[in-house]
Amino acid sequence: MTDTALEAVLRRDRAVVTAALVVIAVLAWAYVLWLAAHMVMPGSPLPDSAGSDMAGVDMSNMGGMDMGATVAPGFRAWASADFAFIFTMWAVMMVGMMTPSVAPMLLLYAGVARKARADGRPIASTGWFFAGYLAVWVVFSIVATGAQWLLARLALLDPSMATDSAILGGLVLIAAGLYQWTPIKGVCLRQCQAPIAFLTSHGGFRSAPLGALRLGVDHGAYCLGCCWALMALLFVGGVMNVLWIAGIAILVLLEKTVPTGQLIPRVSGALMAAIGTWLVFRAL
């Protein structure tokens, strides 16, 4: 294959991978937007679209879905279906938030994979790497579901699934802000900012699918180490607050793709800590 032909193929592969990632992210965000539009907390009336004869009905003793309205567990005991619903919400939300920031790594992987196949040294599909990466965030979603259950059980969440305690919200902001300045945040962020450096330090690409899966898990672990504290902020602004979700996703993307080193996380961390301190002192 000539260099010109190879470059054309690489461009085509990058376009295919980019299109796939866009579709995945759009579908995930569409689901999040749908949930935000249809979310009804127990004790709240059904939306008008559910029928005027149902308006004002007390949902406090009802669960699951009724007449097209999604009922989010909040002020009642959760059933197994509630755990499944909230876990799915978190998992899809993580896909929507994290796919854009991992795109540079996946595009690099796809390009190298095509060139390796052309040279007779095939490596495992990009899909295996991406699956390993997403597996880390699925595990995180299980933990986040447990955290939401605990906060709901302690009556620390309001109907928007944000903490209704100014002190707790302020402490979460302070903790997230301080974490932005920690060495572990810096180590993880550097691995996310430099895909080639990450691959070099982890032995390069893998020819076996399980090896690529493990490599994706490793990259996802660094990403989790970089971003978990930012995800905890969802409990401050509201788990289903679309603008808050988008703001955190944009911050994650900027941290990983804008070549400013530690500047963005440190500036944002200082702001978080300052706002959190103000909230705590105002509530005392």
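Which side chains meet in a salt bridge with Lys185? The side chain of Glu255 does so, at 2.8 Å from N to O. A salt bridge is here a side-chain nitrogen of Lys or Arg within 4 Å of a carboxyl oxygen of Asp or Glu.

The structure is a predicted model, in which local features need pLDDT of at least 70, side-chain atom pairs count only at pLDDT 80 or more, and totals for chains, interfaces and linings use all residues. Residues are numbered from 1 along each chain as its sequence is written, and side-chain values use heavy atoms, with hydrogens and water left out.

## Overall architecture

The protein contains ten helices and three strands. Helices (H or I, at least four residues) and strands (E, at least two) are DSSP runs, numbered from the N terminus. Along the sequence, these elements follow the pattern α-β-β-β-α-α-α-α-α-α-α-α-α. Of the 284 residues in the protein, 45% are buried. Buried means under 20% relative accessible area, exposed over 50%, and partly exposed in between, with a 1.4 Å probe and protein chains only.

## Salt bridges

In general, side chains of opposite charge can pair when their charged atoms come close. A search of the whole structure finds two salt bridges. The bridge between Glu255 and Lys185 links distant parts of the chain, since Glu255 belongs to helix 9 (residues 242-257) and Lys185 to helix 5 (residues 183-193), 70 residues apart. Glu255 is buried, with a relative accessible area of 1%, and Lys185 also counts as buried, at 0%.

A salt bridge is also formed by the side chains of Asp218 and Arg214, at 3.3 Å from N to O. Asp218 and Arg214 are four residues apart in helix 7 and are therefore separated by about one helical turn. Asp218 is buried, with a relative accessible area of 18%, whereas Arg214 is exposed, at 54%.

## Helix 7

Helix 7 covers residues 209-232, which makes 24 residues. From its first C-alpha to its last, helix 7 reaches 32 Å, close to the 34 Å expected at 1.5 Å a residue. The expected span is 1.5 Å times one less than the number of residues in the helix. Helix 7 also has a kink of about 45 degrees, centred on Cys226. The bend at a residue is the angle between axes fitted to the seven residues ending there and the seven starting there.

## Aromatic pairs

The structure holds nine aromatic pairs. Rings of Phe, Tyr and Trp (its six-membered ring) pair if their centres lie within 6.5 Å; planes under 30 degrees apart count as stacked, over 60 as edge-to-face and the rest as tilted. Two of the pairs are set out below.

| Pair | Centre to centre | Angle between planes | Arrangement |
|---|---|---|---|
| Trp78 and Phe83 | 5.0 Å | 65 degrees | edge-to-face |
| Tyr109 and Phe129 | 5.3 Å | 35 degrees | tilted |

Tyr109 lies in helix 2 (residues 80-118) and Phe129 in helix 3 (residues 126-153), so the pair ties together parts that are 20 residues apart in sequence. Tyr109 is buried, with a relative accessible area of 0%, and Phe129 is buried, with a value of 0%. In the other tabulated pair, Trp78 is buried at 12%, while Phe83 is partly exposed at 31%. One aromatic cluster is formed by Trp90, Trp137, Phe140 and Phe235.

## The loop between helix 3 and helix 4

Ala155 is placed in the loop between helix 3 and helix 4. Most residues other than glycine have a negative phi. Phi of Ala155, however, is near 60 degrees, a positive value in a residue other than glycine. At 48% relative accessibility, Ala155 counts as partly exposed.

Asp164 is also found in the loop between helix 3 and helix 4 (166-179). Asp164 is partly exposed, with a relative accessible area of 47%. Asp164 and Gly238 are 74 residues apart in sequence, and their C-alpha atoms are 9.9 Å apart in space.

## A nonpolar surface patch

Leu263, Val267, Leu271, Ile275 and Trp278 form a nonpolar patch on the surface, with about 520 Å² of accessible area together. Patches are made of residues with over 30% relative accessible area and no salt bridge; like charges are joined within 9 Å, and nonpolar side chains (Val, Leu, Ile, Met, Phe, Trp, Tyr) within 5 Å. Accessible areas come from the Shrake-Rupley method with a 1.4 Å probe, and for residues only the protein chains shown count as cover. Leu271, one of the patch residues, is found in helix 10 (residues 263-283) and is exposed, with a relative accessible area of 51%.
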